Amino acid sequence: MKSLKEQTIAKIEESRQANPAFMEAVDDIILQAKAFQQGAYAIELGQKVPDFELPNQQGKLTSLVDLLAKGPLVVTFYRGSWCPYCNLQLRALHARLSEIHALGAELVAISPQVPDGSMEKNEISEMDFLVLSDQDAKVAAQYGVAWKVPDFLVEHMRVDRQLDLDAINNGNGSVLPIPATFVIGRDGVVTWRYVDVDYRTRSEPDDIIEALQKLS
């Protein structure tokens, strides 16, 4: 079975062959974002994370405090069920979920996607981990991983992919999370993290498992 990195590289190459001009523009946007240090203010190792209370697909509120009372957490921010790279990442994590649980931890996936009927029917919602809705990416902003998406990308998603993110997120569709993952101990302190403004690259499940093993 291919690693997540191999799968994402294959997806990038597939997209590059299908639309080279678009992917070249994305490369430039990512370079600019890195130059302006997007994601540089993400919560650091050793810092305590802020509490949150967010709804799941059924609208039931879940708080960070309640989750940490049960054990450590893997919290991953993703853009939405419409993002192919997010789906690749979450499938890879779902495949390792039994190992995460065996280490006493839970996986929580957070996106700005509104908890409505569509969220209950997508592939991510059927996976066996907690999926929470962070409308307007407010919690992502508290964690330092919210990103104002350039108009070029918003227009591409609206026109080429027919995605109305304002409607999907029931709010500001131009603010999305940088796909970031945090391992949080029961004390609420970050023990491991992965933050990269390039939405096409993601944390490897092996690294997350290793970080959790250090907590046990």
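**Starting from a pair of strands**

Let's begin with strand β3 (residues 73-77) and strand β8 (residues 180-184), which pair in the antiparallel sense over five bridges. To find your place along this pairing, look for T76: its bridge partner in β8 is T181. Keep in mind as you explore that this is a predicted model.

Now widen the view. β3 and β8 belong to an open sheet of five strands, ordered β5-β4-β3-β8-β9, with mixed pairing. At the edges are β5 (130-133) and β9 (190-195), each of which pairs on one side only. Direction ignored, neighbouring strands of this sheet are turned by 15 degrees against each other on average.

Next, look for the helices that meet these strands. Helix α4 (residues 84-95) lies across β3, β4 (106-111) and β8, and runs at about 165 degrees to β3. Helix α10 (residues 205-213) also packs on the sheet, where it touches β3, β8 and β9. The direction of α10 makes about 15 degrees with that of β8.

Finally, turn to the nonpolar residues. In soluble globular proteins, nonpolar side chains tend to be buried together. Here, the largest nonpolar core has 63 residues, and the members touching the most others are F77, Y143, V145, W147, L153 and F182. Helix α2 (residues 20-35) gives this core its largest share, six residues.

Which residues does F77 contact, leaving aside its neighbours within four places in sequence? Among them are Y143, V145 and F182, which are also listed with F77 as touching the most other core members. Further contacts of F77 include I110, D134, P177 and A180.

Conventions. Residues are numbered from 1 along each chain as its sequence is written. This is a predicted model: local features need pLDDT of at least 70, side-chain atom pairs count only at pLDDT 80 or more; totals for chains, interfaces and linings use all residues. Side-chain values use heavy atoms; hydrogens and water are left out. A nonpolar core is a set of buried Ala, Val, Leu, Ile, Met, Phe, Trp, Tyr and Cys residues joined through side-chain atoms within 4.5 Å. Buried means under 20% relative accessible area, exposed over 50%, partly exposed in between (1.4 Å probe, protein chains only). Helices (H or I, at least four residues) and strands (E, at least two) are DSSP runs, numbered from the N terminus. Contact means heavy atoms within 4.5 Å. Two strands pair if DSSP finds at least two bridges between them. Axes are lines fitted to C-alpha atoms, for helices over the stretch in contact, and angles run from 0 to 180 degrees between N-to-C directions.
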